[in-house]
Amino acid sequence: MTKSLEIPRKHFIEQLIADHPTIPPEAIVKEDLLRGGVAFSDDALRVAVGMQPKSYFIFSFDMIPIKEMGQRREDLSAPEEICLTGGPGHFRRTIVSVRINPHSPYRVEIDAEGRLVLAIQAGGNGDGTTDPRRDPLCEVQYRPRPSYYDRTLSSGRPLDEVAPNIEWGYLLYLTVYRKCQYFGFEEECQFCDINENYRQQISAGRPYQIVKTPEEILEALAIIAETDQEARAYTVTGGSITSKLRGQTEADFYERYPLAIEKRFPRRWISKLVVQALPLDDVKRFKDAGVQIYHPNYEIWDDRLFGIICAGKNRYVGREEWHRRIVDAAGVFGPDQVIPNFVAGIEMAKPYGFHEVEDAIASTAEGLEFFMSQGIKPRFTTWCPEPLSVLGKTNPQGAPLLYHVRLLETYHRILRKYKLTPPPGYGEPGIGKAVFSVSAFMDCF
Ligand code: SF4
């Protein structure tokens, strides 16, 4: 057997923190938790009972499928997010989306004093086979379960399935179509498990619904409006519609939701829409419907990799046209209100991606320059290599943590170069204040 040369994760992290002094240590740990997941002890899962659970708001965002979770059923018991705070590392409050991985070097557990802590693997050779000693890094908090999570619609549908929240309560996440029409033609984005996750959740008995109607969304939001003071924004999203869904095009289908919400609850929350980069006339309709922030996600910058990893988007719209539509949308909404997402790390996915971190960063930086020089601020989600996605199968380790740390440095360098402010609709920026949970870019202002 070949002996692993990896060093314990704790020592690796300490070195990375020392080498990158402009990035908060909490942000480095957060990126590592997002790229590689977190485990929970049985006691830590027991403490999570009655707190806000994982809602599987769109993708699985886990490192193992539900059928491999066995008796522990972390899919039912793990929290949506964890808050890292205090402890030996003196962490400032940091909110992290939970991505379950029982083999992670990080584990949420209960310490000798009965506190919930995040422990990191501190002994052995890094593969967990020898000396699995762990040291506590910081304390952990779970978010209390919102009272409306126990309510149901008149149809009997549970509210936490219809309108869950993330980002520590800041964002209501309305996935109104739980499938994507790129699947079935081998044109789905290769990092994406939306349809596979739908299937596994249905098999596991979760009351998932493929399509939610505007009426159901309004009924859910009426309950939330009465009982919740914390949400500041909502996102309407779902899979792409390349032909028709119930007789409607993508623009027809998705436009109805902000239209109905803004008519009933005008400007109660910041209105966001995540759909494809659609033609200008459709984009104007979204603006007229009351959408305030438009997310036409470009996923990855590199020309060759976009064609491979986003084959459907490449065929249906095309990379250059996609970018042109993003820039055109900035003319409708204003550049500040157009925030295209990319999936950080897929640039390095085998077998197609860059081999070297600096090559991947140079490519990503080219895209950031393109958009930021025009006042458009992309944002990113840290890639979670879900095992039910194409790339997750071949890349269970995700991208190297160094890529994610270098991206934080690069993103903020280019943002500063163009004197851009934090993007709107994400709450307060900065370490100790940010709530955006699926990457650390807001923690680094
Ligand atoms: S367009 Fe791509 S990322 Fe979006 S749901 Fe479809 S396959 Fe997934």
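Reader: How many residues of domain 1 are in contact with domain 2 here?
Author: 29 residues of domain 1 are in contact with 32 residues of domain 2. Contact means C-beta atoms, placed from the backbone, within 7 Å. This is a predicted model: local features need pLDDT of at least 70, side-chain atom pairs count only at pLDDT 80 or more, and totals for chains, interfaces and linings use all residues. Residues are numbered from 1 along each chain as its sequence is written.

Reader: Which helix gives the largest share of domain 1's side?
Author: Helix α2, residues 25-36, with 7 residues. Helices are DSSP runs of H or I, at least four residues; strands are runs of E, at least two; both are numbered from the N terminus.

Reader: Where do the two domains run?
Author: Domain 1 covers 9-142 and domain 2 covers 147-423. The bounds come from an automatic or database domain assignment. Their C-alpha centres lie 25 Å apart.

Reader: New topic. How many helices and strands are in the protein chain?
Author: 15 helices and 13 strands.

Reader: Why call the chain as compact as a globular protein of that length?
Author: Because its radius of gyration is 21 Å, close to the 22 Å that the globule rule gives for 445 residues. The radius is taken over C-alpha atoms, and the rule is 2.2 Å times the number of residues to the power 0.38.

Reader: And what does the C-alpha trace span?
Author: About 60 × 50 × 40 Å along the principal axes of the protein chain.

Reader: What percentage of contacts join residues at least 24 apart?
Author: 75%, among contacts between residues at least 6 apart in sequence.

Key. Contact = placed C-beta atoms within 7 Å.
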